[in-house]
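Take a look at the model before the dialogue starts.

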Amino acid sequence: MAIIGNKKYQERINEHLAKYPDKRSAVMPLLYIAQEEYGWVNDEGIAEVAQLCDMDATQVKSIAGFYTMYSEKPKGKYWLQVCTDLACALRGADELHHELLHELGIEEGGTTEDGMFTAEHVMCLAGCDRAPMLQCNFHFVEAVGGLTMAHLRELIAAARQDDKTLQKLIAKWRDEVNKQVQQS
Amino acid sequence: MSETKHILLRWKDVKADFRKLAEYRKHEGFEGLKKALAAKPEEVIDVVKNSGLRGRGGAGFPTGVKWSFIPKQEPIKYFVVNADESETGTFKDRLIMETNPYQLLEGLLIGAYAIGAHTAYIYLRGEFWDIAAQLDACIEEMRKEGLVGKNILGSGYDCEIYTHLGAGAYICGEETALLNSLEGKLGQPRVRPPFPANKGGGLYGEPTVVNNVETIANVPWIMTHGADAYKAIGTEQSAGTKLYCVSGHVKKPGVYELPFSATFRELLVDICGGPSVEGRSFKALLPSGGSGPIVPLNDKVLDTRMSYEDTAKIGTIIGSASLIVMDDSVDITWVASKVTKFFKHESCGKCTPCREGTYWLDKVIDRIMAGEGSERDITLIENVAKNMAGITLCALGEFAANPIIHTIKQFPDDFKQHVKKDGKAAKPVALPAAGD
């Protein structure tokens with residue numbers, strides 16, 4: 001595994017490096033690529049990003065540690081982040097978050113034994129009018145009237161089936177939300 | 001605003017899909033840019049100045065004035081759009097980018113031309129992963145029609161636009177922290193002066209303008225219809241329309257575009273349908289997300305216009321217009337706790353009053369929430385909060401102090417019911433139930 005010399009990422013890496021007058025600015029987009037390759041931001045990824053951006057590994061590590069979207073430990077295949085901030089909590093997000101952890105049989109921030117799901121709560125995700133809502137691998141999961149446990153059970157079952165089924169389900173809910181927006 | 005209903009969500013009036021470049025161009029799209037490119041940069045700045053457009057990120061600073069601070073003689077300048085939208089209860093910039101992306105990109109080009117920048121960055125919060133991809137696709141569509149890159153619309157003006165994703169840090173919405181983050185450094189605020197507009201203060205040390213998404217999305221309309229038409233909408237000190245984000249206990253939460261002259265009642269009762277649960281009534285309102293002062297949602301507030309000057313009169317701000325509505329089932333102590341936890345999590349750790357203060361506020365409120373607090377704790381949190389406000393490098397220290405100071409001031413009984421009196425155990429905070 002590697003990002004340097006990996007054909008899969010070559011074009012994207014070059015594009016990011018070309019965007020800025022200073023290579024250091026590419027550290028954030030390249031950390032995302034490292035996370036994509038290794039599943040989390042590990043020492044190998046940090047060393048490669050440091051080499052690409054002409055930085056010290058320590059500097060790159062400090063950037064990875066400062067921002068919450070870089071994971072410093074391995075995650076499940078699906079990273080579920082439930083917003084439990086004020087606007088979502090007013091519409092039952094705290095309970096939804098707890099029920100989700102219970103359903104998956106994990107503690108806050110934990111990963112299921114089969115390595116499928118990691119779940120945790122996060123701060124405001126800018127989806128307050130569709131509360132409660134969550135993010136799955138950085139893609140918004142929202143439904144008209146807000147997510148319920150019924151939605152989440154459907155989501156878990158779809159993901160356990162295969163990724164295509166899951167993406168189809170999320171897209172279906174998104175289409176319903178978009179339709180509502182266009183008609184508003 | 002008799003005929004103009006929407007400026008930022010124009011697609012609603014003409015019933016078109018503005019996510020498609022052809023549709024957008026059919027309905028005045030890029031007319032503002034054409035007008036701008038035919039004028040001198042300083043003339044464009046004058047139009048924006050005269051329109052009365054103020055920054056929609058929260059501070060309300062006059063946009064044209066901000067642009068005029070950029071020194072002309074400097075060869076390199078940058079234009080940066082702040083799409084970090086992370087304030088609790090804010091989801092308006094997301095809607096602009098999702099439904100009207102070209103209007104933002106057009107406004108960006110007009111701004112960049114006005115200040116003489118040839119490179120522009122859009123800094124998006126990391127969670128806007130899909131939106132960044134959509135904007136990248138829009139920029140490529142524009143390139144095919146000569147609307148970005150070299151010699152835009154044959155004018156001889158060049159400009160490149162790039163998107164940059166953050167990675168989950170509220171502080172990066174603060175403009176100097178945003179610039180640090182864009183430079184590949186920790187997203188922490190810088191010491192000012194120099195300000196971003198000054199040499200040495202902006203991106204890579206070059207003069208830089210940082211504007212919010214909603215601010216910039218107003219600019220094409222202003223160029224097309226003129227400063228006077230824009231000024232005619234809204235109130236004397238708050239020109240134009242605003243996207244109001246409504247969340248919490250109303251029947252129809254969402255983003256609504258209204259002139260600044262509209263009242264809270266028109267929005268929360270007439271449009272959003274009043275309290276979401278039958279039999280409940282409004283109790284409190286956070287008009288500007290977690291960071292603005294909370295107010296009781298009474299008749300006086302409901303009859304106030306949602307402008308910069310009118311909200312100041314009732315002791316709060318309109319800021320980013322992120323209205324979080326709470327009904328009478330909510331204990332405001334819990335609200336203070338939620339908001340304080342947000343700021344504790346988001347404090348970047350650079351300034352001691354904010355880093356330590358948010359930690360202590362959270363600890364003491366948790367104690368009160370558990371029914372373990374004393375009346376002295378209320379004085380203690382007021383003292384801690386007062387020692388955070390106004391003495392940090394950025395406004396987050398003050399934002400973090402606001403919820404406590406104002407919740408205790410406006411809803412003292414909510415706090416007092418939880419503190420011990422004469423050694424008797426107090427009542428812990430009941431949390432709102434699902435579906436409330």
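The dialogue below goes through pockets, a cavity and a pair of helices in this predicted model.

Q: How do I find empty space among the atoms?
A: Rolling a probe the size of a water molecule over the atoms shows where empty space is left. In this structure, the largest pocket has a volume of about 1,200 Å³.

Q: Which residues are the closest to the centre of the largest pocket?
A: They are Gly57(B), Gly58(B), Ala59(B), Gly173(B) and Glu175(B), out of 44 lining residues.

Q: Which elements give two or more residues to that lining?
A: Four elements of chain B do: helix H5 (63–68), helix H6 (92–99), strand S4 (208–212) and helix H18 (396–410). S4(B) gives the most, with five residues.

Q: What is the lining of the largest pocket like by class?
A: Count 16 nonpolar, 18 polar and ten charged residues.

Q: How much space lies in the second largest pocket?
A: About 600 Å³. It is lined by 22 residues, and the closest to its centre are Glu15(A), His16(A), Lys19(A), Asp136(B) and Thr163(B).

Q: Where does the lining of the second largest pocket come from?
A: Look at both chains. Chain A brings helix H1 (7–19) and helix H2 (27–38), while chain B brings helix H8 (129–144) and strand S3 (160–165); each gives two or more residues. H8(B) has the largest share, seven residues. By class, the lining divides into eleven nonpolar, three polar and eight charged residues.

Q: How many cavities of 30 Å³ or more does the structure hold?
A: Three. The largest cavity has about 70 Å³ of space. Its lining includes Cys348(B), Cys351(B), Cys354(B) and Cys394(B), and also Ile171(B) and Pro189(B). The classes are eight nonpolar, three polar and one charged.

Q: Now the helices. At what angle do the axes of H16 and H17 of chain B cross?
A: Roughly 160°, and the axes come within 10 Å. Angles over 145 degrees count as roughly antiparallel, so H16(B) and H17(B) are roughly antiparallel to each other. Their crossing is left-handed.

Q: Which residues make the contact?
A: From H16(B), they include Trp360(B), Leu361(B), Val364(B), Ile365(B) and Arg367(B). From H17(B), they include Asp377(B), Ile378(B), Leu380(B), Ile381(B) and Val384(B).

Q: How do the residues of that contact divide by class?
A: The contact of H16(B) with H17(B) has ten nonpolar, one polar and two charged residues.

Definitions and conventions:
Residues are numbered from 1 along each chain as its sequence is written. Chains are lettered from A and ligands numbered from 1 in the order in which they are written. This is a predicted model: local features need pLDDT of at least 70, side-chain atom pairs count only at pLDDT 80 or more; totals for chains, interfaces and linings use all residues. Side-chain values use heavy atoms; hydrogens and water are left out. Axes are lines fitted to C-alpha atoms, for helices over the stretch in contact, and angles run from 0 to 180 degrees between N-to-C directions. Angles under 35 degrees count as roughly parallel, over 145 as roughly antiparallel, 65 to 115 as roughly perpendicular and the rest as oblique. A crossing is left-handed if the near helix is turned anticlockwise from the far one by less than a right angle, and right-handed if clockwise. Contact means heavy atoms within 4.5 Å. Ala, Val, Leu, Ile, Met, Phe, Trp, Tyr, Cys and Pro count as nonpolar, Asp, Glu, Lys and Arg as charged, and the others, Gly among them, as polar. On a 1 Å grid over the protein atoms alone, a cavity is a set of points where a 1.4 Å probe fits but cannot get out, and a pocket is an open set with protein on both sides within 12 Å along at least five of seven lines; lining residues have an atom within 4 Å of a point. Grid points are joined across faces, edges and corners, and a volume is the space filled by probe spheres set on the points.
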